[in-house]
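Subject: Structure handover

Hello,

Here is the structure for you to look over. My notes on what was found in it follow below.

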Amino acid sequence: MQIVVERAGGDNRFKFQRRVTMAVRDGEYRGRIALRKPGLYRFTAKAGDTGRSKQVFVRAIRRTARAGGLQAR
């Protein structure tokens, strides 16, 4: 199973970022994918040449204390 990661650019078109391989167990897959930059991401799970899932959209934000990512000093 491979997850295709794409990020929306300034022209609102999605650009390929990388392909992540995940293991499938009992018909399910799970894992973590680090999103290095804030923005809108699109994930598509693919299996083989023809199998493709629905696209999942994720909005990544910067890590700040207000967002719960960094400790306030």
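**Strand pairing**

E3 pairs with strand E5 (residues 56–60) in the antiparallel sense, over five bridges. Strands here are DSSP runs of at least two residues (E), as helices are runs of at least four (H or I), numbered from the N terminus. Two strands count as paired if DSSP finds at least two bridges between them. In E5, Arg59 is the bridge partner of Leu40.

This is a predicted model, so local features need pLDDT of at least 70, side-chain atom pairs count only at pLDDT 80 or more, and totals for chains, interfaces and linings use all residues. Residues are numbered from 1 along each chain as its sequence is written, and side-chain values use heavy atoms, with hydrogens and water left out.

E3 also pairs with E1, again antiparallel, over six bridges. Look at Val4: its bridge partner in E3 is Thr44. Strand E4 (residues 51–52) runs antiparallel to E3 and is joined to it by two bridges. There, Ala47 stands opposite Gly51. E3 and E4 form a hairpin with three residues between them. Gly48, in the turn, has a positive phi of about 70°.

**Core**

The largest nonpolar core has eight residues: Ile3, Val5, Val20, Met22, Tyr41, Phe43, Ala45 and Ala60. Strand E1 (2–8) and strand E3 (39–47) each supply at least two of its residues. E3 gives the most, with three. A nonpolar core here is a set of buried Ala, Val, Leu, Ile, Met, Phe, Trp, Tyr and Cys residues joined through side-chain atoms within 4.5 Å. Buried means under 20% relative accessible area, exposed over 50%, and partly exposed in between (1.4 Å probe, protein chains only).

Tyr41 deserves a look. This residue is in strand E3. Tyr41 counts as buried, at 3% relative accessibility. A polar atom of the Tyr41 side chain lies 2.7 Å from the backbone oxygen of Lys37. Ala60 touches Leu35, Lys37, Pro38, Gly39 and Tyr41, not counting residues up to four places away in sequence.

**Salt bridges**

How many salt bridges does the structure hold? There are three. The criterion is a side-chain nitrogen of Lys or Arg within 4 Å of a carboxyl oxygen of Asp or Glu.

Glu6 and Arg42 meet through their side chains at 2.8 Å, N to O. The pair links distant parts of the chain, with Glu6 in strand E1 and Arg42 in strand E3, 36 residues apart. Glu6 is buried, at 15% relative accessible area. Arg42 also counts as buried, at 16%.

The side chains of Asp11 and Lys15 form a salt bridge at 3.1 Å, N to O. Asp11 is partly exposed, at 47%. Lys15 is partly exposed as well, at 41%.

Glu28 forms a salt bridge with Arg30, with the closest N and O atoms 3.6 Å apart. Arg30 counts as exposed, at 72% relative accessibility.

Best wishes

Methods:
Contact means heavy atoms within 4.5 Å. A polar contact is a pair of N or O atoms within 3.5 Å; within protein, one must be able to donate a hydrogen and the other to accept it, and residues adjacent in sequence count only if both atoms are side-chain atoms.
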